[in-house]
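Dear colleague,

Please find the structure below, with its sequence.

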Amino acid sequence: MQKQLLQCLFFFLLSLSFFSSFSSLAFSLNQNRQFNEAKNYEGSSDLVDLRYHMGPVLASPMNLYIIWYGHWNPTHQSTIRDFIYSLSSQAPYPSVSDWWRTVRFYTDQTGSNITGNIILSGESFDSSYSHGSYLSRLDIQSIINTAVTNSNHRALPLNPHNGLYLVLTSSDVRVQDFCRAVCGFHYFTFPTIVGVTVPYAWVGYSGSQCPGMCAYPFAWPDYSKMPPPGAGGVGGGNVMHPPNGDAGVDGMISVLAHELAEVSSNPLVNAWYAGEDPTAPTEIADLCMGVYGSGGGGGYVGKVYKGSRGVGYNVNGVKGRKFMIQWVWNPVRRRCFGPNALD
């Protein structure tokens, strides 16, 4: 599940202790040469006990349904849609679809891989805040039920075969544990609420509520006076700028990537995870929190691309988009990995 807040806090506090003594090294002119010569095994460890628990993965072509809850900026919606389109579309290497290939390594007990065919099949717009502006975790399921049964507007189909429902809440919606313990989560619906069991994920827009917690590395906590090591813009002294112009939506896309990887590999919380407790699993993206490039970890995002005006990104998308999304655990290499890796 999404542990973005607690782990980002860990990375941040860890970085404070090392930043002052190693900042000259981290930002040295020899950094490119050092990274190109090094063999970096980010997160690799024989102690990582990621196991398959015999449950299903999302192997069939995925019909993704977005529920926009609250009032949304159309520009932000377009950015998120383009990220979804990028999962199954070609773009210059390294691309979002190249990143998804690591997720596709995971299989079910029949040997079927997670699908590479992800289709945005429908959208619902709940601008009337049908369940209020403060939501419990269980309310997310009720929002899905409203979206598939709404008689006043065109209802989304209820698709228990290959449907995945994505609830996105706007900047003025507060969700239980949001900004305190989570930036997003995934689970499956209860038949008593929705009528069937289907996988779903929720992600909130953090731009106005907690960008320092959920829009890493494009923002940092208010009480901090320095960005994470390696997150600097041009000149290395400022926070990394978001590639699509808004820290909230760019941070949200990385959380969304995190949740899509995990709901696909562990949709009913009985497939791929580490640990013995299925109610608190460590999943394939949890293992790589805060790692975006080679050398990443301990508060350093890793080696990523820098565009003009301090923009940071690590993958390309459709329509010339650029995104910054965290790496996931590669079961073949047994380490965190992304297509922008240097080794």
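For these notes, a disulfide is a pair of cysteine sulfur atoms within 2.5 Å. Please bear in mind that this is a predicted model. A search of the whole structure finds 3 disulfides. With bonded cysteines counted along the chain, their pattern is 1-3, 2-4, 5-6.

Cys179 and Cys210

Cys179 is joined to Cys210 by a disulfide, with an S to S distance of 2.0 Å. Distant parts of the chain are linked by this pair, the two cysteines being 31 residues apart. Cys179 is in the loop between strand E6 (174-175) and strand E7 (184-188), and Cys210 is in the loop between strand E8 (199-204) and helix H7 (211-214). The disulfide is left-handed, because the torsion about the S-S bond of Cys179 and Cys210 is about -70°. Both Cys179 and Cys210 are buried.

Cys183 and Cys214

The sulfur atoms of Cys183 and Cys214 are 2.0 Å apart and form a disulfide. This pair also links distant parts of the chain: Cys183 belongs to the loop between E6 and E7, while Cys214 is in helix H7, 31 residues apart. About the S-S bond of Cys183 and Cys214 the torsion is about -80°, so this disulfide is left-handed.

How buried are these two cysteines, given that buried means under 20% relative accessible area? Cys183 has a relative accessible area of 1% and is therefore buried. Cys214 is buried as well, because its relative accessible area is 2%.

Cys288 and Cys336

A disulfide also joins Cys288 to Cys336, with an S to S distance of 2.1 Å. Cys288 lies in the loop between strand E9 (272-274) and strand E10 (305-306), and Cys336 lies in strand E15 (residues 335-337), so the pair ties together parts that are 48 residues apart in sequence. Is this disulfide left-handed or right-handed? The torsion about the S-S bond of Cys288 and Cys336 is about -95°, so the disulfide is left-handed. Cys288 is buried, because its relative accessible area is 1%. For Cys336 the relative accessible area is 0%, so Cys336 is buried too.

With kind regards

Methods:
Residues are numbered from 1 along each chain as its sequence is written. This is a predicted model: local features need pLDDT of at least 70, side-chain atom pairs count only at pLDDT 80 or more; totals for chains, interfaces and linings use all residues. Side-chain values use heavy atoms; hydrogens and water are left out. Helices (H or I, at least four residues) and strands (E, at least two) are DSSP runs, numbered from the N terminus. Buried means under 20% relative accessible area, exposed over 50%, partly exposed in between (1.4 Å probe, protein chains only).
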